[in-house]
Amino acid sequence: MIRTRGFPCQSVWLTALAVLMVLPGGIGASAADTGLRFSVTVSGGLHKGPLDGRLLLLLSKDTSQEPRFQISDTSLDTQQVFGIDVEDWKPGQEAIISGSVLGYPLESLAEVASGTYVVQALLHKYEMFRRADGHVLKLPMDRGEGQQWNRAPGNLFSTPRKLTIDRGDRGRKETLQVMLDHVIPPIADPTDTHYIKHVKVKSERLSRFWGRPIYLGAHILLPAGFDQHPEARYPLIINHGHFSWTIDGFREEPPETNLKPDFNERFHLAGYNRIEQEWAYQFYKEWTGPGFPRVLIVEIQHANPYYDDSYAVNSANLGPYGDAINYELLPFIEKKYRGIGAGWARFLYGGSTGGWEALATQIFYPDSYNGCYAACPDPIDFRAYTVVDIYQDKNAYFFEGPWKKVARPGYRNYLGHLSSTLEQMNRLELVLGGTRSRSGGQWDIWQAVYSPVGEDGYPKPIWDKRTGVIDHSVADHWRENYDLSYILRRDWENGLGKKLQGKLHIYVGDMDNYYLNNAVYLIEEFLKGTKSPPFEGEIDYGDRAEHCWNGD
């Protein structure tokens with residue numbers, strides 16, 4: 001579920017600091033549409049022809065990095081963002097961000113307090129897709145970055161500039177000018193090493209669905225002795241998870257000696273970079289040492305127009321990714337790198353999004369795999385879609401009684417302290433991507449994968465993104481097709497259980513930040529009561545462990 005969303009582009013930020021300037025002072029704002037406004041244009045020669053996309057305006061109090069790298073749906077330290085759609089946006093034409101434009105975490109420019117801010121604008125570009133179902137969509141294609149709007153090559157952004165807002169003059173009307181004057185450069189492909197290889201395969205299934213060439217990729221870690229034993233064939237370990245540029249955690253050289261300390265908040269460790277490199281080098285030594293199992297490890301790369309991966313299943317909105325991975329990509333890899341190519345010689349593992357994918361792939365393709373190890377999986381029972389029962393609850397954002405309404409929590413730490421509500425997390429996605437599931441965020445991709453296609457060709461919403469009101473007809477579609485717990489209960493005694501006996505292993509912390517343990521409790525209740533046949537797998541919980549506990 002959780003993923004890193006980008007990192008500072010230091011060279012650009014240092015350039016920006018050199019030209020920081022204070023815009024004309026005394027800037028005021030009054031009513032939502034009549035006070036402070038921003039006018040955004042594109043620098044001449046930066047782009048030819050009209051543009052489609054999501055235009056974001058960012059305000060920050062933190063000068064340590066560019067505002068585009070400071071937006072978070074879980075941290076109290078997030079900075080401010082507003083967003084609007086632009087279509088057929090021509091060079092020289094103004095795009096206006098006014099007080100009526102929705103923002104996060106503040107909802108309106110009218111709420112921005114007096115002070116000095118760093119302002120930046122960014123355009124997340126959309127492309128035209130003519131799908132096989134007849135729908136024509138505008139979506140942000142992944143460009144090698146893993147569907148991250150703040151570092152997607154080709155996106156336009158402005159040099160960060162300082163401004164001062166003065167709320168003392170409430171009647172003053174002010175329009176501030178921002179110009180997009182940079183383009184994010186392309187990202188180079190990773191280079192093969194002796195042990196790590198990279199492949200890219202055109203998927204005929206996905207290309208037909210999307211109406212253009214669509215590729216699947218993978219990173220492969222080869223076993224020691226691969227070249228010395230050309231007759232050997234190997235089992236396949238498939239690691240499901242988020243987009244990765246290459247295989248991390250494997251380092252053929254000793255750790256660098258002069259690494260700068262890097263404090264890691266999750267582990268409360270200084271010098272985390274060195275610890276990470278030490279573990280990666282230790283893995284290399286074990287991987288190539290005597291007695292270590294000789295296997296192929298595969299990390300699948302399946303970023304798409306909605307997210308950094310596809311959830312590895314067939315979907316009405318994303319296309320047949322499950323079949324493409326299992327019947328096109330993996331056979332190609334096993335043929336090229338001498339995999340055994342049989343279900344008994346494959347197993348799956350992953351955490352968070354990858355945990356859901358590992359479990360779903362084992363359930364939907366039960367004969368193709370011999371076991372899955374799913375850590376902290378995304379919701380595997382939609383009666384506990386984090387803290388929402390999509391079948392019984394009327395509203396996703398609030399617990400409601402006859403007199404009282406309480407906001408549903410979205411993100412907690414191991415002590416139960418909250419830093420975000422469900423409404424806030426979804427509102428950020430609404431600001432970043434609008435109403436058509438185009439934010440590249442977590443709730444939007446669940447909706448894109450699980451929902452039927454709406455009349456406009458985009459995913460049909462599970463709930464109103466602004467109010468939280470749930471559409472139970474969409475929930476019914478989710479249950480029949482993607483509620484893994486429901487599918488197990490429905491099909492266990494009709495032959496599925498026999499194919500899955502002893503193959504399912506699930507691990508989660510009982511204080512998972514996203515409440516993912518709630519769904520595991522429900523699936524455990526069923527699995528541990530099975531008799532025809534018995535479950536014979538494993539479910540375990542980490543005491544007070546957060547996201548993503550994996551059974552260690």
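In what order do the 3 strands of the open sheet stand, and what is the pairing? The order is 4-1-11 and the pairing is mixed, where two strands pair if DSSP finds at least two bridges between them, and where helices (H or I, at least four residues) and strands (E, at least two) are DSSP runs numbered from the N terminus. This is a predicted model, in which local features need pLDDT of at least 70 and side-chain atom pairs count only at pLDDT 80 or more, while totals for chains, interfaces and linings use all residues. Residues are numbered from 1 along each chain as its sequence is written, and side-chain values use heavy atoms, with hydrogens and water left out.

**Sheets**

- In the sheet with the order 4-1-11, the edge strands are strand 4 (95-97) and strand 11 (174-180), each of which pairs on one side only.
- Neighbouring strands of this sheet are turned by 25° against each other on average, direction ignored; axes are lines fitted to C-alpha atoms, for helices over the stretch in contact, and angles run from 0 to 180 degrees between N-to-C directions.
- Strand 1 (residues 36-42) pairs with strand 11 in the parallel sense over 7 bridges, and Val42 stands opposite Leu180 in strand 11.
- Another open sheet has 8 strands in the order 13-14-16-15-19-20-25-26, again with mixed pairing; strand 13 (196-202) and strand 26 stand at its edges with a single partner strand each, so one side of each is left without a neighbour in the sheet.
- The twist in this 8-stranded sheet averages 20° from one strand to the next.
- Strand 13 and strand 14 (residues 215-221) pair in the antiparallel sense over 7 bridges, with Leu221 in strand 14 as the bridge partner of Ile196.

**Aromatic rings and charges**

- A search of the whole structure finds 32 aromatic pairs, counted where rings of Phe, Tyr and Trp (its six-membered ring) have centres within 6.5 Å, with planes under 30 degrees apart taken as stacked, over 60 as edge-to-face and the rest as tilted.
- The rings of Trp443 and Trp446 have their centres 5.0 Å apart and their planes at 85°, so this pair is edge-to-face.
- Trp443 and Trp446 lie 3 residues apart in helix 7 (residues 442-450), which means that about one helical turn separates them.
- Trp443 is buried at a relative accessible area of 4%, and Trp446 is buried at 0%; buried means under 20% relative accessible area, exposed over 50%, and partly exposed in between (1.4 Å probe, protein chains only).
- Tyr521 and Tyr541 form a tilted pair, 5.2 Å centre to centre with 40° between the planes, and this pair links distant parts of the chain, with Tyr521 in helix 11 (residues 517-527) and Tyr541 in strand 26 (residues 538-542), 20 residues apart.
- Both partners are partly exposed, Tyr521 at 36% relative accessibility and Tyr541 at 22%.
- Ring pairs also link a cluster that includes Tyr307, Trp356, Phe382, Trp443, Trp446 and Tyr482.
- The charged end of Arg131 sits over the ring of Trp210, 5.8 Å from its centre, the criterion being that NZ of Lys or CZ of Arg is within 6 Å of the ring centre and within 35 degrees of the ring normal.
- The charged end of Arg412 sits over the ring of Tyr515, 4.1 Å from its centre; Tyr515 has a positive phi near 65°, lies in the loop between strand 25 (504-509) and helix 11, and counts as buried at 9% relative accessibility.

- The 16 residues of helix 4 (residues 321-336) should span 22 Å at 1.5 Å a residue, and the end C-alpha atoms are 21 Å apart, which agrees; the expected span is 1.5 Å times one less than the number of residues.
- Helix 4 has a kink of about 30° at Leu330, shortly before the proline Pro331, where the bend is the angle between axes fitted to the seven residues ending at a residue and the seven starting there.
- The buried residues of helix 4 include Tyr321, Ile325, Leu330 and Ile333, and the helix is followed by Arg338, whose phi is positive, near 60°.
- Helix 6 (residues 422-433) reaches 17 Å from its first C-alpha to its last, close to the 16 Å expected, and is mostly covered, with 11 of its 12 residues buried.

**Backbone exceptions**

- Most residues other than glycine have a negative phi, and most peptide bonds are trans.
- The peptide bond from Tyr104 to Pro105 is cis, with omega near -5°, and a cis peptide bond also joins Ser532 and Pro533, with omega about 0°.
- Cys376 has a positive phi near 40°, is found in the loop between strand 20 (372-375) and strand 21 (398-400), and is buried at 0% relative accessible area.
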